[in-house]
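Here is a short briefing on the structure shown below. Keep the model open while you read.

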Amino acid sequence: MHVDARYMENNSVIEGDICIIGAGAAGISMALEWMNTKYKVILLEGGGFEYNEQVQQLYDGKTTGQRYYPLKSSRLHYFGGTTGHWAGYCSTFDEIDFKKRDWVPHSGWPIKRADLDPFYARAQKNVDLGPYNYSVDYWQKQFPSYKPLLPNNDVVWNKMWQFSPPTRFGKKYKDTIVNAGNIHLYTYANVIDIKANENVSAIEGVTVKNYTGKQHTVKAKLFVSACCSIQNARLLLASNKQAPKGLGNDNDNVGRYFMEHLEIKSAELWLTKPDPLLLYMLDFTNPKPRAEMAITAAKQEEFRILNGTTSLTPLSLARKFKPMIDLWTNDTKKNQDMFKTLEADDSPKVPQNGYTSYELFTRIEQAPNPESRVTLDTEKDSLGMPRAALHWVLTPLEKRSIRKIYELLGQEVGKTGVGRVRLMEYLWDEKDESWPEFTGGGWHHMGTTRMSDDPKTGVVDANCKVHGIDNLYMAGASCYVTAAAPNPTLTLIALTLRLSDHLKERIKR
Amino acid sequence: MERRNFIRLSALGAAGITIPFLQGCNMPVNKALDMPPVLSQIFDAKTMKETGQAYLKQTPGESSKSTLAGLLTQNSSLSQTTPAATVYSFFDNKAKEEFVSSKTVVVNGWILSVTEARQCALFSLNQN
């Protein structure tokens with residue numbers, strides 16, 4: 001059922017068994033898991049079913065440090081959340097991403113990749129992907145024209161990606177959720193405070209508010225915050241009536257270790273003969289799985305670098321695109337004109353034999369860094385909640401890793417004799433730790449309520465429960481300890497399904 | 001970069017034509033010495049020259065034609081009468097071997113085998 005909280009009587013009290021805060025990929029995935037159970041599920045969404053500028057403004061906030069996108073537009077604040085504009089890129093994290101790596105400070109999850117395997121398989125369905133198979137051999141059999149530039153070896157491997165249509169959770173799951181007898185969806189129900197008991201060992205309820213000025217209370221046995229990394233941190237920090245530093249923040253970890261994927265053009269591949277390299281090509285009109293080139297775990301360890309992948313785009317096409325950090329920062333007329341130019345492009349179709357030059361584009365984790373963080377601003381939003389402030393910080397390890405990745409790729413390409421690799425100028429000097437102006441992220445917000453068995457080094461435990469608070473859980477990419485290379489959506493859904501199974505067992509007891 | 005200006009030369013090599021020795025040089029240097037096989041299919045003359053100049057700048061100890069020719073032919077059986085195709089094949093294999101053994105260098109961003117970087121350097125000197 002669905003209730004619009006704007007039209008409820010002021011100061012209503014809503015009660016249920018489990019309260020899910022946020023109806024994006026994580027929140028909706030969690031709610032779907034609880035459908036047709038005997039439990040009353042309260043699903044709270046701050047926005048409605050459509051974009052609303054007044055609601056979206058609540059996500060506005062300041063950014064400092066490394067240049068970043070406007071916070072207001074990097075997440076969508078309505079039913080379905082940011083799946084309303086995601087591109088559908090999906091792949092799994094690697095085993096190494098979960099391990100403690102002595103060359104990556106603050107790495108090491110309390111769970112392993114194998115712990116997520118069954119949940120990845122289930123998550124595939126939520127985002128309408130194909131079979132849970134990310135082996136290049138498997139996909140080469142499905143698409144015989146897929147030929148790797150470099151075969152998997154002890155240095156590089158071809159990491160497969162699948163593409164969601166992309167599934168817009170708001171459209172796809174609206175009717176299912178609204179018609180579910182035990183799911184009680186409240187729209188225009190922004191949580192502005194989480195109220196703990198006197199000794200801050202459990203949550204008693206949350207306060208929701210909307211721009212009509214109405215305020216309500218939600219009570220439940222279990223609370224799951226699924227508001228995305230920035231808002232999860234903001235909510236915990238702003239809920240400081242009982243705990244002055246914010247909930248779950250006794251050790252000053254909430255908001256820290258904010259991570260993004262660095263997404264940046266890095267090199268060029270020049271071939272002696274044209275090659276369509278179909279295995280690596282992206283076709284949004286007919287999405288098929290594709291590969292990106294990656295460095296093996298053994299070589300990452302040998303060279304003490306981060307995990308990243310390389311995608312290929314024909315150079316002639318890539319050169320028409322402005323860097324994403326410029327493109328998406330402002331919706332200027334120049335950007336609109338660029339899209340029109342691309343749409344009207346009358347250049348020849350992809351040559352049958354392919355291209356001789358490709359741009360190599362990096363997607364790489366950033367090292368977890370406590371100085372990269374979300375805090376509360378002094379400015380408040382229209383509901384009276386302090387706005388989020390993001391200070392995004394990179395380290396020299398990211399740049400050294402990118403350079404090393406292309407040195408290794410360049411050597412592998414050289415061994416085959418098919419061509420050569422050229423680094424972009426910002427990577428030429430290995431002592432230069434600066435970043436070029438076009439450095440950007442992938443709009444992937446991770447970290448801020450990281451997972452750890454030790455409350456001193458993390459906010460949630462291996463089950464995503466906030467340390468020290470019996471019935472408060474975090475869902476989504478805010479629980480990530482490291483960012484890996486892939487876009488976060490598939491993994492955050494898998495992690496949420498794992499949390500859901502845990503809560504189902506818990507609530508039975 | 002305008003590509004493939006050197007394809008003609010590559011094809012020449014493949015045809016097995018002996019190329020005259022470099023004029024004015026005492027070393028038994030075949031002209032194919034300054035034609036790195038893969039790069040000659042990718043680079044235009046300007047890029048080859050600039051890459052060679054950059055290598056010379058970062059490796060000043062190798063800044064003469066004779067030094068470079070000596071380094072390129074050391075421990076090889078290349079001689080004045082070696083056909084260009086054989087020279088070409090020799091350097092093609094040598095570059096691959098150097099990539100295998102990580103004997104590489106970054107020049108103007110290009111990840112090159114040391115030998116092909118030297119070939120570019122020789123090319124740039126021969127253009128002067």
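Which residue stands opposite A:Lys62 in strand 18 of chain A? It is A:Ala389. Keep in mind that this is a predicted model.

**The six-strand sheet of chain A**

- A second open sheet has six strands in the order 1-8-4-3-12-21 (chain A), with parallel pairing.
- Strand 1 (2-4) and strand 21 (472-474) of chain A stand at the edges. Each has a single partner strand, so one side of each has no neighbour in the sheet.
- The twist here averages 20° from one strand to the next.
- Strand 4 of chain A pairs with strand 3 (residues 18-21) of chain A over four bridges, in the parallel sense. In that pair, A:Ile18 stands opposite A:Val41.
- Strand 4 of chain A also pairs with strand 8 (residues 183-187) of chain A, again parallel and over four bridges. There, the bridge partner of A:Val41 is A:Ile183.
- Strand 4 (residues 41-44) of chain A is covered on both faces. A:Val41 and A:Leu43 are buried on one side, and A:Ile42 and A:Leu44 are buried on the other.

- Strand 9 of chain A runs antiparallel to strand 10 (residues 203-209) of chain A, and six bridges join them.
- A:Lys195 has A:Gly205 as its bridge partner in strand 10 of chain A.
- The hairpin has six residues between the strands. A:Val200 takes a positive phi near 55° in this hairpin.

**The nonpolar core**

- The largest nonpolar core has 174 residues. A:Ile20 and A:Leu44 have the most contacts inside it.
- Helix 14 (residues 489-508) of chain A gives the largest share of this core, eight residues.
- Why does this core lie between domain 1 and domain 2 of chain A? Both domains give residues to it, so it lies between them.
- Leaving aside neighbours within four places in sequence, A:Leu44 is in contact with residues including A:Cys19, A:Ile20, A:Ile21 and A:Tyr186. Also among its contacts are A:Ala189, A:Val191, A:Val208 and A:Val218.

**The two domains of chain A**

- The domain assignment gives domain 1 as 1-93 + 112-129 + 168-259 + 382-387 + 445-509. Domain 2 is 130-163 + 261-365 + 395-434.
- The C-alpha centres of domain 1 and domain 2 of chain A lie 33 Å apart.
- How many residues of domain 1 of chain A are in contact with domain 2 of chain A? There are 16, and they meet 20 residues of domain 2.
- On the domain 1 side, strand 6 (89-90) and helix 5 (113-126) of chain A are the elements that give two or more residues. Helix 5 of chain A supplies the largest share, three residues.
- That side divides into 10 nonpolar, five polar and one charged residue.

- Chain B has six helices and two strands. Along the sequence, the pattern is α-α-α-α-α-β-β-α.
- Of the 128 residues of chain B, 42% count as buried.
- Among contacts in chain B with a separation of 6 or more, 74% are between residues 24 or more positions apart.
- Between the chains, 17 residues of chain A are in contact with 18 residues of chain B.
- Strand 13 (261-275), helix 13 (396-416) and strand 19 (419-423) of chain A each supply at least two residues of the chain A side.
- By class, that side of chain A has five nonpolar, seven polar and five charged residues.

Definitions and conventions. Residues are numbered from 1 along each chain as its sequence is written. Chains are lettered from A and ligands numbered from 1 in the order in which they are written. This is a predicted model: local features need pLDDT of at least 70, side-chain atom pairs count only at pLDDT 80 or more; totals for chains, interfaces and linings use all residues. Two residues are in contact if their C-beta atoms, placed from the backbone, lie within 7 Å. Ala, Val, Leu, Ile, Met, Phe, Trp, Tyr, Cys and Pro count as nonpolar, Asp, Glu, Lys and Arg as charged, and the others, Gly among them, as polar. Two strands pair if DSSP finds at least two bridges between them. Domain bounds come from an automatic or database domain assignment. A nonpolar core is a set of buried Ala, Val, Leu, Ile, Met, Phe, Trp, Tyr and Cys residues joined through C-beta atoms within 7 Å. A residue is buried if 20 or more other C-beta atoms lie within 10 Å of its own, exposed if 12 or fewer, and partly exposed in between; C-beta atoms are placed from the backbone. Axes are lines fitted to C-alpha atoms, for helices over the stretch in contact, and angles run from 0 to 180 degrees between N-to-C directions.
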